[in-house]
Amino acid sequence: SSSNIVSTLSSRIQALAEQKTPQFQSLKKEHGFKHIGDVNVEMAMGGMRGIKAMVYETSTLDNERGILYRDRTLDECMEQLPKANATSKIGLPEAAYWLLLTDEIPTDAEVKAFNAELHSRAVVPDNVLKMIDNLDKSTHPMTQLAIALLALQPGSTFATAYHEGVKKTEYWNYALEDSLTLIAQIPVVAARIYRNVFFNGEHIAPDTSLDWAGNYAHMLGVNDSEEFKDAVRLYLMVHADHEGGNVSAHATHLVGSALSDPYTAYAAGVCGLAGPLHGLANQECLRWLKNTREVLGNQEPTAELLTQFAKDTLAAGKVIPGFGHGVLRITDPRYTIQQRFAQEHFPNDPLFKLSQACLQAIPPVLAATGKVKNPWPNVDALSGTCMQYYGLNQEDYFTVVFAVSRALGCTSSLVWSRRMGMPIERPKSVTLDWLSNNIK
């Protein structure tokens, strides 16, 4: 039954936690005051970039291998995770969620039962649906999503259990309960926002015969093909987690460390994801590609033409979005996976062809400036292109799809933070005068 699969999932998490406990205790008791790095002024003034000061178990970002889900590359995840059907090559994102929580690849049977569990939890209260429907359609979809998550918060079992005085050692069980329900509900809410804003509130009923991600694609209603479902599955899988230091993951972790419930904590993460320097980057990349195509007119997008265009863009003091990464020193593997998908399914799409000319032209131009540590494309350079090909071309909505995906990583990490008994986060801030007086 559906409850059996949750018991199985909980037992796997507990087994991994028991395996990790000696390491956790040893690090705290025997090595607590040992140094793991230095902090310099640039780190303090530069967004704390590079400071190793946060434990985040579910994924890590390797500058040469890319994001690792429980030490597995995304290519390994794509190969090993169960698929929606015999023809799909895409590892299911809900299977990736199981992996993030348990460090195990689920079986096909487990994923089927897990999907049934998620469908059973996907009911959104009528008062929340009415509230979403009453939001002004000019309100940004990300703002609507954050509002919706907070409106779902009264259903939090974590908040109720905490209020009733549950033991600290049981926090993680209730965090898991909330996280599973949030994961189940967020596609329903996200699809409703989309249909309200762009399709006059004409909603599409869920299809519980589909997988979690495939059903989300179905409820969006822009394309009924299996290819589009795979495109959404792919997007949700590769965006699911990106270690703990990015804005959405860190915001979720920070708010969760105050023992806020997963709905409240992930609403904070969504607000962070809505920022132009974080989640909105994918829509900025698509807009840049569209504008570039308009400027080029009928000219064939060759590497030579794009090289000069890139030079002129930089000379005008403008930014070329979609290239570079704060940690990676290679082409983002998430980009490469999406590139393979596009090459297989729509190689002649004008925007995809333009993006490939940019791939040839832009990195050498950026590298020649001497200011860019990583001139290679990141995931945002193609995400929007893949969506728009299938008819999901409303750029303001792209970050909502990102948020549906990132909920997997953020909530799985919340469960682990509560299981490990991680304390409230409270770094020390300093003033400019303090820095000046303490420089060694």
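Val-41 sits in helix H2 (residues 41–45); helices here are DSSP runs of H or I with at least four residues, strands are E runs of at least two, and both are numbered from the N terminus. This is a predicted model: local features need pLDDT of at least 70, side-chain atom pairs count only at pLDDT 80 or more, and totals for chains, interfaces and linings use all residues. Residues are numbered from 1 along each chain as its sequence is written, and side-chain values use heavy atoms, with hydrogens and water left out.

**Surface patch**
- Val-41 is partly exposed because its relative accessibility is 31% (buried is under 20% relative accessible area, exposed over 50%, partly exposed in between; 1.4 Å probe, protein chains only).
- Val-41, Met-45, Leu-432 and Ile-439 make up a nonpolar surface patch, with about 410 Å² of accessible area together.
- Patch members have over 30% relative accessible area and no salt bridge; like charges are joined within 9 Å, nonpolar side chains (Val, Leu, Ile, Met, Phe, Trp, Tyr) within 5 Å.
- Accessible areas come from the Shrake-Rupley method with a 1.4 Å probe; for residues, only the protein chains shown count as cover.

**Salt bridges**
- The whole structure holds 20 salt bridges, each a side-chain nitrogen of Lys or Arg within 4 Å of a carboxyl oxygen of Asp or Glu.
- Arg-12 bridges to Glu-110, with the closest N and O atoms 2.9 Å apart.
- That pair links distant parts of the chain: Arg-12 is in helix H1 (residues 2–30), Glu-110 in helix H5 (residues 108–120), 98 residues apart.
- Arg-12 is partly exposed at 24%, whereas Glu-110 is buried at 13%.
- Lys-290 meets Glu-395 at 3.1 Å, N to O.
- Here too distant parts of the chain are linked: Lys-290 lies in helix H14 (residues 281–296), and Glu-395 in the loop between helix H18 (380–389) and helix H19 (398–419), 105 residues apart.
- Asp-211, Glu-226, Asp-230 and Arg-233 form a salt-bridge network.
- Within it, Arg-233 and Glu-226 have their closest N and O atoms 2.7 Å apart.
- Arg-233 is buried at 1% relative accessibility; Glu-226 is partly exposed at 33%.

**Helix H9**
- H9 (residues 171–198) has 28 residues and spans 40 Å from first C-alpha to last, close to the expected 40 Å (1.5 Å times one less than its number of residues).
- A kink of about 30° lies at Gln-185, shortly before Pro-187; the bend is the angle between axes fitted to the seven residues ending there and the seven starting there.
- H9 is mostly covered, with 22 of its 28 residues buried.
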